[in-house]
Amino acid sequence: MKQLLLIAGTVLLLAACANPALREAEDLGRSNQWTAALRVLDDARAKDPNDPALRAAQVRAREQASARLILQIEALRGAGRWDEAQALVSQLALADARHPRLAALTVEVERGRRQEGQLAAGRLALKEGRLERADGIARDILAESPQHPGARLLASQVAQAKPLETTVGELGPGFQKPVTLEFRDAPLRQVFEALARSSNINFVFDKDVRADARVTVFLRGVTLDEALRVILGTQQLDRKLLNDSSVLIFPATAAKQREHQELITRTLYLTNADVKQVQAMVRTIAKVRDIHIDERLNLLILRDTPEVVRFVEKLIASVDLPEPEVMLEVEVMELATDQVDALGLQWPDTVNYGLPAPGGGLATGQVFLGQRDQFRYSIANPAVVATLRGTAGNSNILANPKIRVRNRDKAKVHIGQKLPVFTTTTNFGGSTSVAASVSYLDIGLKLDVEPSIQLDNDVVIKVGLEVSNLIRQVTGPGGTTAYEIGTRNTSTTLRLADGETQVLAGLINDEDRKSAVGIPGLSRLPVLGRLFGTQTDTRNKTEVVLLITPRVVRNLAVPDASLTRLAGGTDASPGAFSTLLRRDARLGVGPATGAAAAAPASTAAPSPELATLKLDVTPQVGPGGTVAVTLKNESALSIKGELEFDASRLQVNLNQPGLTPGRVPFELPPRGDKVLALRALPAANGEVLNISVTGLSAQGLNGESASVRLDGSGLTTVEAPR
């Protein structure tokens, strides 16, 4: 009794001596207030830094508080509540300033807030029709966060709003203005001069652009950008945008492209795809100039033109997808039944006759026949044994593994045991030595599966099943041990729907044996044979049943059509903008000289009292050159009139019946323009010619008339032959 009281007193004394901060922290921890518990323990450690109990409790509380804060931060990030997430990151820094995820979470929260602002700007740009701006924002966000849902949605909306055939760069509004061109065998610079006068776009030519190049082109109802791409593509030229209204024209040679094309460097982090395979794909399809990979970080760095980089980004987005996974629920059963029936009388199999020995049994050695009157018969005791035995058994061996496997990966399951097999080697050279080695033999259940997940959620599974069991142990030469193994195996390929269960059965081992032991001849009688012997009937049957059910955990997220159908550019310039025209544009090439057509009308504003027509002609041309006459309607009215010139010195061929020489009628829609080409005849060499406009009239949408003011001069000089 005294000892019990002493122990109880010691426990109470230790409890009283325990630091109260431990109890307070424990109570706070039970209510999941680990941050408060950590503060209590920090204050206690500051007062008693050598207490090991406080130290252990502080470490545990810090781990629990950090884990809880990280869970809350991740939840707030997913909900887009960045201010609250930032506050919790600050708490995490106070709780554990050396936490390994602190730096990453700080960057991710700041990046998430910034990306939210970028995403809002991208949506606004998409709403205003600035597709390239919205696409650039989406690509910048996806470069930092490849799985950002808002950026992926924005990129998809931009791709749907921007058809493949009309994809262009970040061009100013002047490049989208409709133009009409009709030139045959005209100087290249003359064509660009006409485009510059009609669209207010500045063209700068490289010194190596051929001045004597001739162009024959007929374009109606196309934008200036489309016209530029057609002309440059047929003349082996390329362009570089200097600003919204200026273009540099240079020969499309490798040397000039290296000189003028701007190159950018982009670092792309891959999430799921193998960087080596992506490198091979990019080199083959995009023909990137400079590329470097880092297998450790699974990143790819490339350097090329903005068009190629944009093309590579879309290619990678179409392949950098998470692999499908499937959960295979497998159930393997071995159903075994055995039955043994033994019935009959067991008679002695030997009868002895001879001289009995004093100790029992028969005397050994030689006996005299004169003692035959002492000979006796003897049999084994008992004389007759009745066997009445029947045994029956059922067994059900069940294995139910669940395996999660990636697409086209192999998974193996082995449920059983390893049997040791010893191998000995004897060396008889010099002195005899014996070396033994051991190997292991697998028996039991072996299951190999290889799933292939289809896009329709069907799963093609290659199944290999082997069931083996130990039959008996065999002793070999020199005392070595071997085993006799019974094996049943099958292999097949299945195609199952998600959640469908398939049963594979029929691996049956059926054994039926009958044996009889007794008096020869009599024991084989049909019915009476059981009176002269024992008959044993043995029946064993085992069956292996396999049930397999695939459940798709994650299938392949097929990207949008905008990522699988890309404009690939040309063979010489992968990723370059397409030279295809819009469907409503018309392109023609034929023998014609001059230019005459009206540009598509734009939406008319309320009719002013005065209409303005701007006239602009080429100020100076060489002998036999082409004078480009640009008429631009700068009002919201329709303007009609005639262009007059000296038919003996200037010629136009519009192939219009009833056209008076020296006069070309025209009609301009509101805000429309027209470019006409006049060829200088030999009589005009060395003269100053005047091209005038007469018969001007303006009319509004409701038929109201207005006066027209002509702005510009129609004087041009034809140089004399040298």
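I began with strand β24 (residues 638–644), which runs antiparallel to β26 and is joined to it by six bridges. Here strands are DSSP runs of E, at least two residues long, and helices are runs of H or I, at least four, numbered from the N terminus. Strands pair if DSSP finds at least two bridges between them. I found Glu642 opposite Pro665 in β26.

A note to myself on the source: this is a predicted model, in which local features need pLDDT of at least 70 and side-chain atom pairs pLDDT 80 or more, while totals for chains, interfaces and linings use all residues. Residues are numbered from 1 along each chain as its sequence is written, and side-chain values use heavy atoms, leaving out hydrogens and water.

**The eight-stranded sheet**

Next I traced the sheet around β24. I read its eight strands in the order β25-β27-β23-β21-β30-β29-β24-β26, in an open sheet with mixed pairing. At the edges I found β25 (650–651) and β26 (663–668), each pairing on one side only.

Which strands does helix α9 lie across? I saw that α9 (residues 188–199) lies across β21 (610–617), β23 (626–633) and β27 (673–680). The helix runs at about 15° to β23; such angles go from 0 to 180 degrees between N-to-C directions of axes fitted to C-alpha atoms.

**The three-stranded sheet**

I then turned to an open, antiparallel sheet with the strand order β6-β8-β7. Its edge strands are β6 (264–269) and β7, and each of these pairs on one side only. From one strand to the next, I noted an average twist of 15°.

I followed β8 (residues 299–304) to both of its partners. Five bridges join β8 to β7, in the antiparallel sense, and His292 stands opposite Ile301 in β8. Six bridges link β8 with β6, again antiparallel, and there Thr265 faces Arg303 of β8.

Between β7 and β8 sits a hairpin with four residues between the strands, where I spotted Asn298 with a positive phi near 55°.

Which side chains of β7 (residues 290–294) are buried? I found Ile291 and Ile293 buried (under 20% relative accessible area) and pointing to one face of the strand.

I saw α12 (residues 275–285) across β7 and β8, at about 170° to β7. I also saw α13 (residues 306–319) across β6 and β8, at about 10° to β6.

**Helices α4 and α6**

How do α4 (residues 52–79) and α6 (residues 102–127) meet? Their axes come within 11 Å and cross at roughly 20°. The two helices are therefore roughly parallel (an angle under 35 degrees) to each other. I listed the contact (heavy atoms within 4.5 Å): α4 gives Ile70, Ile73, Glu74 and Arg77, and α6 gives Leu105, Glu108 and Val109. I sorted these residues into four nonpolar, no polar and three charged.

My last stop was Lys418, in strand β14 (residues 411–427). Is Lys418 buried or exposed? I found Lys418 exposed (the cut-off is over 50%), with a relative accessible area of 51%. Not counting residues up to four places away in sequence, Lys418 touches Tyr440, Leu441 and Asp442. Asp442 is 24 residues from Lys418 along the chain, yet their C-alpha atoms are separated by 4.6 Å.

Conventions: Buried means under 20% relative accessible area, exposed over 50%, partly exposed in between (1.4 Å probe, protein chains only). Angles under 35 degrees count as roughly parallel, over 145 as roughly antiparallel, 65 to 115 as roughly perpendicular and the rest as oblique. Ala, Val, Leu, Ile, Met, Phe, Trp, Tyr, Cys and Pro count as nonpolar, Asp, Glu, Lys and Arg as charged, and the others, Gly among them, as polar.
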